[in-house]
Amino acid sequence: MKLKVYVDRMSQPSRAILIFCKVNGIEFEEVQINLAKSQQKSPDFKKINPMGQVPAIADGRFNLFESHAILVYLACAFPGVADHWYPADLFRRAKINSVLDWHHSNLRRGAMTYVLNTVLAPVFGLPLNPQAAAEAEKLLSSSLSKIESIWLKGNGKFLLGGFQPSIADLSLVCEIMQLELLDGNDRSRILGPHKKVLEWIENTKNATRPHFEEVHQVLYRAKTRFQEQRSMGGNTTNSSKRLGLPSKM
Amino acid sequence: MKLKLYVYRMSQPARAILIFCKVNGIEFEEVQISLAKRQQMSPDFKKINPMGQVPAIADGSFNLFESHAILVYLACAFPGVADHWYPADLFRRAKINSVLDWHHSNLRHGASTYVLNTLLAPFLGLQLNPQAAAEAEKLLSSSLSKIESIWLKGNGKFLLGGFQPSIADLSLVCEIMQLELLDENDRSRILGPHKKVLEWIENTKNATRPHFEEVHQVLYRAKKRFQEQRSTGANNTNSSKRLGLPSKM
């Protein structure tokens, strides 16, 4: 029975799982859980993940959720996954684990909260919260700075001085990609100063092509629709519905 | 060269590391990084952990931070650590990883934000924020409910139906212990309804005695001082300084 991967391509951690599987030739069936239609709340999906979130996997009877746990499981369980994704070496592995742990409360929280409170909230019927956005931007910016000064130190192109990407690179870069949805000025202000980060994103895309861009097409289409909406000056609920965007990210 | 643990016993994840090492007979030197004296900002400590946070470890020339990464490393690197702490079985290990991942943005985020905004903020030179506390309480309560309905399902006394504790039990229970600092009414309101959680905390304490209680003595002493402060009705900075509490948690 083939691995099933329950995802929504608008979800940053979902994209990381998809790219990882495709790059490593892991056969899977992609089951779309459409957040815009609240499919993550369905009783059938809750049997897979009682938390009702994507991504989740079912490998035979074994169900698993939380993207970092999934990436680690896939790296260990499937033959043919090159060592650099999640090295067997205890020390390198521990360092990758520390990046993945750090991510939750730093880059992910900052980026996700910022995008929610400047762009996506209306899609969920929530008000945009400029104060929450301002606080989130501080966390996001400080996280990007720490990536440059701490995690990207070393001789390699990737996190922790790696010469090849690990699951940490994939997870963090997919998170930053969500900033594509932002207004151009906001995106430039936040990302623009971080040249090392921008270079690292390109390196990660190159190392995982063509899958990285293919998996991100849904996001790019959403970006275009948001840009259209902004240029029309509209911000009505009608536009949000027309955007067909997920109701929960 | 002995393992060095850079810890502060008022820090929830620091306590988890200490208890784990003591229970498993891992020899270490405890280096206190006093958050009250802002020692986490010292250049010497930043060589160990550039993020300037506790806990951190130095095992010879190998430095590591983030408590979950540390617990995993210790479980794998030190002989004599019983398998139940972090099973070699890929499936059980993946489930434990998923709890540890879930923890960051759920129980930890809710509990630490709530305690900060009802109690500890003044020690960091911050304002108590009742609105942030109210939102954090929702997250904390919903996290406790999910622990009961999802993570504590099964036949065993511990998370994921385990008959013996894992590093996930230790990490999450140490986090909940921080609620000991709260006003009794708040603590009853939040924890009281969760009988399974209360039972699980006792089971975890029993499984790790006497080390659990010994490591928590600093917290219990802080709890007493807070209780005294509340009963004298004072809430001025003089009392705060006298409490000698950490300036950064």
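Colleague: How many helices and strands does chain B have?
Modeller: Chain B has eleven helices and four strands; helices (H or I, at least four residues) and strands (E, at least two) are DSSP runs, numbered from the N terminus. Keep in mind that this is a predicted model, where local features need pLDDT of at least 70, side-chain atom pairs count only at pLDDT 80 or more, and totals for chains, interfaces and linings use all residues. Residues are numbered from 1 along each chain as its sequence is written, chains are lettered from A and ligands numbered from 1 in the order in which they are written, and side-chain values use heavy atoms, with hydrogens and water left out.
Colleague: What is the radius of gyration of chain B?
Modeller: It is 18 Å, close to the 18 Å from the globule rule for 249 residues, so chain B is as compact as a globular protein of that length. The radius is taken over C-alpha atoms, and the rule is 2.2 Å times the number of residues to the power 0.38. The C-alpha trace of chain B spans about 50 × 45 × 30 Å along its principal axes.
Colleague: And how much of chain B counts as buried?
Modeller: 55% of its 249 residues, where buried means under 20% relative accessible area, exposed over 50%, and partly exposed in between (1.4 Å probe, protein chains only).
Colleague: Where is B:His103 placed?
Modeller: In helix H4 of chain B, residues 90-120. B:His103 counts as buried because its relative accessibility is 2%.
Colleague: What is B:His103 in contact with, leaving aside neighbours within four places in sequence?
Modeller: B:His68, B:Arg108, B:His109, B:Ser171, B:Leu172 and B:Glu175. Contact means heavy atoms within 4.5 Å.
Colleague: Over to chain A. At what angle do the axes of H1 and H6 cross?
Modeller: Roughly 135°, and the axes of H1(A), residues 12-23, and H6(A), residues 167-177, come within 8 Å. Axes are lines fitted to C-alpha atoms, for helices over the stretch in contact, and angles run from 0 to 180 degrees between N-to-C directions. That angle makes H1(A) oblique to H6(A); under 35 degrees counts as roughly parallel, over 145 as roughly antiparallel, 65 to 115 as roughly perpendicular and the rest as oblique.
Colleague: Which residues make the contact?
Modeller: From H1(A), A:Gln12, A:Arg15, A:Ala16, A:Ile19 and A:Phe20; from H6(A), A:Ile167, A:Leu170, A:Ser171, A:Cys174, A:Glu175 and A:Met177.
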